[in-house]
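Keep the viewer open and follow along as you read.

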Amino acid sequence: MSASPVYLDAATAAPLHPVARQALLAALDDGWADPGRLYTQARRARQLLDAAREATAATLGVRPDELSFTPSGTAAAHSAVLGGLTGRRRVGATLVHSAIEHSAVLHAAEKHVAGGGTATPVPVDRLGRVDVDAWSTAVREPGVALAALIAASHEVGTVQPVGVAADACAAAGVPLYVDAAQVVGRAPVPKGWSVLTASAHKWGGPPGVGLLVVRKGTRWESPWPADERESGRTPGVLNLPAVVAAAASLRVAAADAAAEAARLAPLVDRIRARVAAEVPDVEVVGDPDHRLPHLVTFSCLYVDGEALLHALDRRGFAVSSGSSCTSSTLRPSHVLEAMGVLSHGNVRVSLHRETTEADVERFLAELPGIVAGLRAEAGVVGL
């Protein structure tokens, strides 16, 4: 009989928060009508939408009219990049971005380049931290319309120097877009940005809700065909019950964030130390100090990452490997490649509000044997 499953992939999607479930069920009864209409049911839906926007804006410290809900974090990222570039096309057509942006941002950059624009990737060091001198130089170049910097790496957990990058952007007159998917609801949101995005299923909200925040005074123009909803920033009818659930769970997650960080950070420290000590030929990657409190990534030499994931899954552990959003391609992670670290046999462990010390201990107890077994199968022995 197998042990109960242990979910350790919150960086992809956190388990649905109980508050989100309650809000979702309540809003299914009250929030099914189109909030853009004038009859009674529609006015009730509009009240729910307005309340969700105000609560989310208050949590983020922004104005409600700066915040739009989108169909996903990916849609928000695409809108942030393409809209930021479209709004500043008279200035130029260059996008500056870190080499470790989320694939959604890189795919938007590819579309921009395919349409005749240019993109300048800025390198990172071995800890996954962007080179601030190279960044400052890049944003000062003529024709830069937008800069994009992820708040914290979704793959290795390194927190980026957003404040320093924002200062460089401000000095150059370039708006800064920050992908804050891994910090909203978990850690303080950095300052100095013009455009920000996040994704509800990262903090325990339902999937299918993204946040797009465009600060007043920022030149931003929707890259999509005209639509009157959400201030014209994102097309289509919102999944209002999911939006309500996202707002409710964000308020709770943000209120609990400091306590959760204090609980999870020592567990991540334990994983970092024990994996390095107990599994031979392993490299723990990412900044050991300036990092997210809930995420740790390591690479095991002489082990296939996909085989390791399957072996862990058979033992009841859900983790991810390589690039969390492009793993189906079986290509090495662009983040790990940019860092110049080992990408073979890569495992990302990310904890959440339901993760217990016992879960972590069980993972640490079983991992060395699982890795050793895979190496033995591959004929790699005597390590």
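The buried residues of helix 4 are covered by, among others, helix 3 (73–87), strand 3 (94–98), strand 4 (118–122), strand 5 (144–150), strand 6 (176–179) and helix 9 (334–339). Helices (H or I, at least four residues) and strands (E, at least two) are DSSP runs, numbered from the N terminus; contact means heavy atoms within 4.5 Å. Buried means under 20% relative accessible area, exposed over 50%, and partly exposed in between (1.4 Å probe, protein chains only).

This is a predicted model, in which local features need pLDDT of at least 70 and side-chain atom pairs count only at pLDDT 80 or more, while totals for chains, interfaces and linings use all residues. Residues are numbered from 1 along each chain as its sequence is written, and side-chain values use heavy atoms, with hydrogens and water left out.

**Helix 4 and its partner**

- Helix 4 covers residues 103–114, which makes 12 residues. From its first C-alpha to its last it reaches 16 Å, close to the 16 Å expected at 1.5 Å a residue (the expected span is 1.5 Å times one less than the number of residues).
- The buried residues in this helix are Ser103, Ala104, Val105, Leu106, Ala108, Ala109 and His112.
- Helix 3 packs against helix 4 at an angle of about 35 degrees, and their axes are 9 Å apart. Axes are lines fitted to C-alpha atoms, for helices over the stretch in contact, and angles run from 0 to 180 degrees between N-to-C directions.
- On the helix 3 side, Thr74, Ala77, His78, Val81, Leu82 and Leu85 take part; they meet Ala104, Val105, His107, Ala108, Lys111 and His112 of helix 4.

**Nonpolar cores**

- A nonpolar core is a set of buried Ala, Val, Leu, Ile, Met, Phe, Trp, Tyr and Cys residues joined through side-chain atoms within 4.5 Å.
- The largest core has 64 residues, and Trp135, Leu176 and Trp203 touch the most other members. Helix 7 (residues 240–278) supplies the largest share of this core, nine residues.
- A second, separate core holds 28 residues, including Val282, Ala311, Phe363 and Val371.
- Leaving out residues up to four places away in sequence, tryptophan 135 touches a list that includes Val96, His97, Val122, Ala147, Cys169 and Leu176.

- Alanine 246 lies in helix 7 and is buried, at a relative accessible area of 2%. Beyond its neighbours within four places in sequence, alanine 246 is in contact with Ala200, Trp203, Pro206 and Val209.
- Alanine 14 sits in the loop between strand 1 (6–7) and helix 1 (18–30), and counts as buried at 13% relative accessibility. Not counting residues up to four places away in sequence, alanine 14 touches Arg186, His201, Lys202, Trp203 and Gly204.
- Alanine 14 and histidine 352 are 338 residues apart in sequence, yet their C-alpha atoms are 6.5 Å apart in space.

- Three strands form an open sheet in the order 9-10-12, with antiparallel pairing; two strands pair if DSSP finds at least two bridges between them.
- Strand 9 (282–285) and strand 12 (346–350) stand at the edges with a single partner strand each, so one side of each has no neighbour in the sheet.
- Strand 10 (residues 295–300) pairs with strand 12 over five bridges, and leucine 295 stands opposite serine 350 of strand 12.
- Strand 2 (residues 67–70) is covered on both faces: Leu67 and Phe69 on one side, and Ser68 and Thr70 on the other, are all buried.
- Strand 2 also pairs with strand 8 in the antiparallel sense over four bridges, and the bridge partner of leucine 67 in strand 8 is valine 213.

- Most residues other than glycine have a negative phi.
- Glutamate 230 has a positive phi, near 50 degrees. Glutamate 230 lies in the loop between strand 8 (210–214) and helix 7 and counts as buried at 8% relative accessibility.
- Aspartate 281 also has a positive phi, of about 50 degrees. Aspartate 281 lies in the loop between helix 7 and strand 9 and counts as partly exposed at 36% relative accessibility.
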